[in-house]
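Please open the structure in the viewer and keep the selection tool at hand. The tour below moves from one selection to the next.

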Amino acid sequence: MIEKLRQMMEEAKQKMDRAASLADAEELRVKYLGKKGELTEILRSMGSLPPEERKTLGQAANSARSQLEQLLNENMERFRQMEKAAELSAETIDVTEPGQGIPIGAKHLLTITTDEIIRVFSGMGFSVSEGPEVETVFNNFDALNSPPNHPSRDMTDTFYISEDVLLRTQTSPVQVRTLLSQKPPIKVIAPGRCFRCDTPDATHSPMFQQVEGLAVDEGITMSDLKGVLDRFAKSLFGSSEKTRFRPHHFPFTEPSAEMDVSCFKCGGKGCRFCKGSGWIEIMGCGMVHPNVLKVGGVDTERYTGFAFGMGVERIALLKYEVDDIRLIYENDARFIRQFK
Ligand code: DAH
């Protein structure tokens, strides 16, 4: 048995000398020390030997095991280092190789348009404010003087989250928030997302964007409203364009109007673009209703104000001559990249 051990050790050492890789060494470990390994079998058979033989043979087998383990560990470590070194040298990075170009993105049409609207109003002294997309029914309707039975409150038009909370249908609730948190003089615009239960088509999207405006101070009149919005339209669409104000109705303004800009496609003569009228409607506006000012605790004897609200998509479609609102939200990179 001792002789068998000696021969096995001799053979193991020779085999180890010939091993060339971590895999070879692992194979040897399994051959001798694995569950069914040769040395493992010898050690296992110790139990069946008479006690006197067990002692000497046991010692010899145990020392053979530790020698073998040491030999294996040393060689495996050596192979590991060799393999790591080979891997690292194969992986060297050529820092002189040209890099991969990162294509430059483009601003989205809606961002471009919103930025432009903000730029014009900032130039006239308006600051930019924001409100949450999830609003209270109070801020979105009640505080804006909207009658309790107004059709826009219907479940079919408005996304309700609960009885008192909804996705805002307009940016006008930011007027309420501003009046509650600031004292006149006030001059703010508020861009943001709005939501309505609309089926998408060329001119409707259930999610869209508006820019709201509010100015409150002593002595503000309808002329201020007309002057500011006329200047805005000329800055955005061209200084030769004309504007006109048509009477309209909104619950939160009195009087209310819609503003049209002369058709910049045909110069006002009438074309397919303006449906023959020579005018294009671009926003709603009016003098802030005293009931709205009162919610904000504003003294309506002393202060007056004007407000306006426009759809950003509508302005973008008109200005950049895009004929379907869905293109704005499909995010086809080829479409988006063409606007600068
Ligand atoms: N909130 C209105 C809408 O969504 C737009 C609007 C009209 C806003 C008149 C105003 C305004 O501030 O004065 O249709």
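In this predicted model, the count of salt bridges comes to 21. Side chains of opposite charge can pair when their charged atoms come close.

**Stop 1: R177 and E135**

Select R177 and E135 and display their side chains. The two form a salt bridge in which the closest N and O atoms are 2.5 Å apart. R177 belongs to helix α7 (residues 173-181), while E135 belongs to strand β2 (residues 134-136), so this pair ties together parts that lie 42 residues apart in sequence. Which of the two terms, buried or partly exposed, applies to E135? With a relative accessible area of 1%, E135 is buried, because the limit for that term is under 20%. R177, by contrast, is partly exposed, with a relative accessible area of 32%.

**Stop 2: R246 and E258**

Next, select R246 and E258. Their side chains meet in a salt bridge with an N to O distance of 3.1 Å. This pair links distant parts of the chain, 12 residues apart: R246 is found in strand β6 (residues 243-250) and E258 in strand β7 (residues 253-262). R246 is partly exposed at a relative accessible area of 26%, whereas E258 is buried at 13%.

**Stop 3**

Move to K107 and D115. A salt bridge joins them, and the closest N and O atoms are 3.1 Å apart. D115 has a relative accessible area of 34% and is therefore partly exposed. Then select E11, K15, K31 and E38 together; these residues are linked in a network of salt bridges.

**Stop 4: D324 and R326**

Select D324, which is located in the loop between α10 (312-319) and α11 (326-330). D324 is buried, with a relative accessible area of 17%.

**Stop 5: the ligand and its surroundings**

Centre the view on the ligand. Which residues come nearest to the ligand? Of the 15 residues around it, Q170, S172, R196, Q210 and E212 come nearest. Display E212 first: an N or O atom in the side chain of E212 is 2.6 Å from an oxygen atom of the ligand. For Q210, a polar side-chain atom lies 2.9 Å from a ligand oxygen atom. At F308, show the backbone as well, where a polar atom is 3.2 Å from an oxygen atom of the ligand.

On its own, the ligand has 360 Å² of accessible area, and the protein covers 89% of that area. Colouring the shell by residue class gives five nonpolar, eight polar and two charged residues.

**Stop 6: a nonpolar surface patch**

Finally, switch to a surface display and select F138, L180 and V295. These residues make a nonpolar surface patch of about 260 Å². Where is F138 placed? F138 is in helix α6 (residues 137-140). Its relative accessibility is 42%, so F138 counts as partly exposed.

Notes:
Residues are numbered from 1 along each chain as its sequence is written. This is a predicted model: local features need pLDDT of at least 70, side-chain atom pairs count only at pLDDT 80 or more; totals for chains, interfaces and linings use all residues. Side-chain values use heavy atoms; hydrogens and water are left out. Patches are made of residues with over 30% relative accessible area and no salt bridge: like charges are joined within 9 Å, nonpolar side chains (Val, Leu, Ile, Met, Phe, Trp, Tyr) within 5 Å. Accessible areas come from the Shrake-Rupley method with a 1.4 Å probe; for residues, only the protein chains shown count as cover. A salt bridge is a side-chain nitrogen of Lys or Arg within 4 Å of a carboxyl oxygen of Asp or Glu. Helices (H or I, at least four residues) and strands (E, at least two) are DSSP runs, numbered from the N terminus. Buried means under 20% relative accessible area, exposed over 50%, partly exposed in between (1.4 Å probe, protein chains only). A residue is near a molecule or strand if one of its heavy atoms lies within 4 Å of it. A polar contact is a pair of N or O atoms within 3.5 Å; within protein, one must be able to donate a hydrogen and the other to accept it, and residues adjacent in sequence count only if both atoms are side-chain atoms. Ala, Val, Leu, Ile, Met, Phe, Trp, Tyr, Cys and Pro count as nonpolar, Asp, Glu, Lys and Arg as charged, and the others, Gly among them, as polar.
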